[in-house]
Amino acid sequence: MLRSLIPPTLARLGIAIAAPVIACAALVCDSSAADLQAASAAPLFSPPAEEIAQIRHHHIKRLVERLTVEPGELERSCKYESEIATAPPINRIALTFDDGPVPGGTEHILNVLKKYGISATFFMIGQKAAQHPELVAKVRAAGHLVIANHSWSHPNFHDISTAAQTEEFLRDDAIVTLSNPVKLFRYPYGNSTCETNTLVHLHGYQIVGWHIDSCDWAFEKNGKVDAKEAISCGVLPQYRDDYVGHVVSAARARRGGIILMHEIHPRTLSALESVIQQLIASGFVFGSIVDPEFRTSLR
Ligand SMILES: [Zn+2]
C-alpha cells in the first residue's frame, strides 16, 4: 500500500519535485549561500528552539501521514484542505509571514519590505499580538492592510477538540483581525478540519494555504535540510544547503505563487532581502493575496 501511494503523494506534496528543474544562474546560487552564511554571523534575535522543534515535528508527522493514510480517508477528514489546488497567477508573488509578531523580526521584515515597496500578509498568533501590540501597530502603520488570523496559541488543530478549535479561532479574531476589512485564516501547520472550515466561512473568512513552502524552519538550524525535510517542503537535492536558491527555484517551477515564511527564524529571515532581489531578477512581480489575481488561490 505504501509503495503504491508514494508517487502521487510526492507529486501532491510539492510541484517543485515533479516539475522540470530549472537550473539557477551561478550568481543566484553563489550569492544566496554567501548571504545566508553572512547572516548566520549576526542573528537578528535568538531563535525560539521549542517553536522550531514543534514545526519540524508537525511537518514530518504530516509527511508520514500523507504517505501512509489512504487518500480517501484524508479527504473525508478535510485534513489537508488548506493546500491550494489551483495554479498561481503567472509570475506574481505574494509574501506571507507566519507566527509573529516577534521583536527584532517584525521590524526587520518591515524595513526590507519598505525598501522594495512590497506589501505582505502577516498571519499572527493572537497570544504574541497581545504581548506586542506596538508591533501590530507598526505593521498596520506601514500600510500592510492584511493582518490575518493564525489562531490564538498555534496548536495543531488535528490534535484538539472542536470546542478548543473554535476558541483558538475566535480569540485570535478578536485581537488580530476584528477591524480588518479582509478576513483571512491560515491553519497552524496548514492542518485543517471540517469543523473549523465551516466555522471560519460562517465568520466571513477565507482560508489561505501556500504554493511555495520556503522551508525556513528546516534551513534555520544550520543552513541545510535533511532528506525528510526536503521531501516535506519540496526542496530539490541541489538546494538542500541553499535556502535562497530553493525559494527562487520553487517560485520558477510554479511560475509564482503565495510563499510561506515565518517571523521566528532569524537566520533565514536575514536572507529575505536576497530572496526578494533574486525573485525580482527572475522577472517576478510582487502583489498581495487580496489582489483579484489571487482570488482563486483562497478558499
Ligand atoms: Zn504557524
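How many helices and strands are there in the protein? There are 15 helices and eight strands, and the model you are looking at is a predicted one.

**Overall picture**

Let's start with the chain as a whole. Of its 299 residues, 46% count as buried. Among the contacts with a separation of 6 or more, 83% are accounted for by residues 24 or more positions apart.

The average pLDDT of the protein is 83, and 83% of the residues score at least 70. Over residues 1-40, pLDDT stays under 50; for this stretch the model has 60 contacts beyond four places in sequence. Helix α2 (residues 15-18) has the lowest mean pLDDT among the elements, 33, while α15 has the highest, 97.

**Two helix pairs**

Two packed helices are described by the angle between their axes and the distance between the axes. Here are those values for two pairs.

| Helix pair | Angle | Distance between axes |
|---|---|---|
| α13 (residues 243-254) and α15 (residues 272-281) | about 35 degrees | 9 Å |
| α6 (residues 105-116) and α8 (residues 133-141) | about 10 degrees | 10 Å |

Take α13 and α15, which pack at an angle of about 35 degrees. Their crossing is right-handed. On the α13 side, the contact is made by V244, V247, V248 and A251; α15 brings S274, V275, Q278 and L279. By class, this contact has six nonpolar and two polar residues, with no charged ones.

Now for α6 and α8, with an angle of about 10 degrees between them. Because angles under 35 degrees count as roughly parallel, α6 is roughly parallel to α8. T106, E107 and L110 of α6 meet L135, K138 and V139 of α8. The residues of this contact divide into three nonpolar, one polar and two charged.

**A closer look at F157**

Where does F157 sit? The place of F157 is in the loop between β3 (147-149) and α9 (162-177).

Is F157 buried or exposed? F157 has 24 other C-beta atoms within 10 Å, so it is buried, the cut-off for a buried residue being 20 or more.

Which residues does F157 touch, not counting those up to four places away in sequence? They are Q165, Y187, P188, N191, S192, T193 and T196. One of these, N191, is 34 residues from F157 in sequence, yet the C-alpha to C-alpha distance between F157 and N191 is 6.1 Å.

Notes. Residues numbered from 1 in each chain as written. Predicted model: local features only at pLDDT ≥ 70, side-chain atom pairs only at ≥ 80, totals over all residues. Helix = DSSP H or I, 4+ residues; strand = E, 2+ residues; numbered from the N terminus. Buried ≥ 20, exposed ≤ 12 C-beta atoms within 10 Å, placed from the backbone. Contact = placed C-beta atoms within 7 Å. Axes fitted to C-alpha atoms, helices over the stretch in contact; angles between N-to-C directions. Left-handed = near helix turned anticlockwise from the far one by under 90°. Nonpolar A, V, L, I, M, F, W, Y, C, P; charged D, E, K, R; others polar. Parallel < 35°, antiparallel > 145°, perpendicular 65-115°, else oblique. pLDDT = per-residue confidence, 0-100.
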